[in-house]
Amino acid sequence: MKKLFWIVPAVLILVIYSVLWQTKPITHTDLAVEEVRELKKISTLVIKSASAVQIASSSVESVKNEIAFDAPQNGIHLIALKDASLPAAILAETLKSIENLKKTGSFSGGELTHEFSRQNDLSDALKEASSLQNIYAKLSIYPTELNLVLDASYRVVGAVASDKYIENKGWTGLQQIYVSEVRKVELSESQIQPEDGDAMQVFKEAMNRTIMDYPATFERLKTKKSEPVYNVHWNVHNRNYSLSTMNLSEQETLEIAEKITNQYLSMSNNGMK
């Protein structure tokens, strides 16, 4: 069955089977339960967030009447908002979020949404797996090794394999959090599989920076304690990234994004194992 992956930088539309996407990362146990359910009913959920790599799937045939979507061969397609056929309510939310980005520096209008909100869940998942290498072993992708990107003072405090599961290969995504005293770095990444019919659309109007010539969205926020939080969302070929930092500078955040990009570009087989 073909799958449709659809991420909007400002408003994430999830078209999923039977049960709405959970707010905690899906674990391997959760997947086993979901796989044996009868997946018939289609539900649509709109999340007002630029949350990193939260991707759900459905058959293209099931949703083509709701959203006009032409899956590009390269998996990730940068388009103008005017070229996307969106339901009126979703279009309004998207326009509002993009306007927030221009006026306030973030899709949410300055409110923290997904940033580091799952740290406890990711910590539990890492403890369950016993080590980060055991989580890497369950992936179908070559993951970003943040220990090679960040300085030696950082330590991993949480990680979980996520997104789509490919039978006999593994998960196509990874979420991980590293901490160094008051500094935090969170990275979510996912590989889009165009050969399986997967696709993603990203709006040009949400792009306000570049990471090594790759279009990107950069957000500026602050915690209630006025700690700086930066988000970067970008795609390199068929790999989607969302990076959040806390108590780092804007320049440090962009340098991390560049190092992550360079690491992906050095991977073999387009990042797939």
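E205 is found in the loop between β7 (residues 200–203) and β8, where helices (H or I, at least four residues) and strands (E, at least two) are DSSP runs numbered from the N terminus. The structure is a predicted model, in which local features need pLDDT of at least 70, side-chain atom pairs count only at pLDDT 80 or more, and totals for chains, interfaces and linings use all residues. Residues are numbered from 1 along each chain as its sequence is written, and side-chain values use heavy atoms, with hydrogens and water left out.

With a relative accessible area of 31%, E205 is partly exposed; buried means under 20% relative accessible area, exposed over 50%, and partly exposed in between (1.4 Å probe, protein chains only). Apart from its neighbours within four places in sequence, E205 is in contact with I79, A80, L81, K82 and I98, contact being defined as heavy atoms within 4.5 Å. The C-alpha atoms of E205 and K102 are separated by 9.8 Å, although the two residues are 103 residues apart along the chain. One of the contacts of E205, K82, also takes part in a salt bridge with D83 (3.3 Å, N to O). A salt bridge is a side-chain nitrogen of Lys or Arg within 4 Å of a carboxyl oxygen of Asp or Glu. Both D83 and K82 are exposed.

The protein chain as a whole has 6 helices and 11 strands. Of its 273 residues, 53% count as buried. Among contacts between residues at least 6 apart in sequence, 69% join residues at least 24 apart. The chain exposes about 13,100 Å², and carbon and sulfur atoms supply 49% of this area; accessible areas come from the Shrake-Rupley method with a 1.4 Å probe, and for residues only the protein chains shown count as cover.

Seven of the strands are arranged in an open sheet with antiparallel pairing, in the order β4-β5-β6-β11-β10-β9-β8. Two strands pair if DSSP finds at least two bridges between them. The edge strands, β4 (155–166) and β8 (209–211), each pair on one side only. On average, neighbouring strands of the sheet are turned by 20° against each other, direction ignored. Within the sheet, strand β6 (residues 183–191) and strand β11 (residues 239–246) run antiparallel and are joined by 8 bridges. Q191 stands opposite R239 in β11.

Two helices that pack on the sheet can be described by their directions. Helix α4 (residues 119–129) touches β4, β5 (170–180) and β6, and its direction makes about 85° with that of β4. Helix α6 touches β6, β8, β9 (214–222), β10 (228–236) and β11, and its direction makes about 25° with that of β10. Axes are lines fitted to C-alpha atoms, for helices over the stretch in contact, and angles run from 0 to 180 degrees between N-to-C directions.

The 16 residues of α6 should span 22 Å at 1.5 Å a residue, and the end C-alpha atoms are 23 Å apart, which agrees; the expected span is 1.5 Å times one less than the number of residues. The buried residues of α6 are T253, L254, I256, A257, I260, T261, Q263 and Y264. Their cover includes β6, β8, β9, β10 and β11. T261, placed in α6 (residues 250–265), has a relative accessible area of 0% and is therefore buried. Leaving aside neighbours within four places in sequence, T261 is in contact with I211, M212, Y214, W234 and V236.

The structure holds 7 salt bridges. In one of them, R183 meets D151, and the closest N and O atoms are 3.5 Å apart. R183 lies in strand β6 and D151 in the loop between α5 (132–136) and β4, so this pair ties together parts that are 32 residues apart in sequence. R183 counts as partly exposed at 23% relative accessibility, and D151 also counts as partly exposed, at 39%.

Another salt bridge joins E189 and R239, with the closest N and O atoms 2.6 Å apart. Because E189 lies in strand β6 and R239 in strand β11, the pair ties together parts that are 50 residues apart in sequence. E189 counts as buried at 0% relative accessibility, and R239 likewise counts as buried at 0%.
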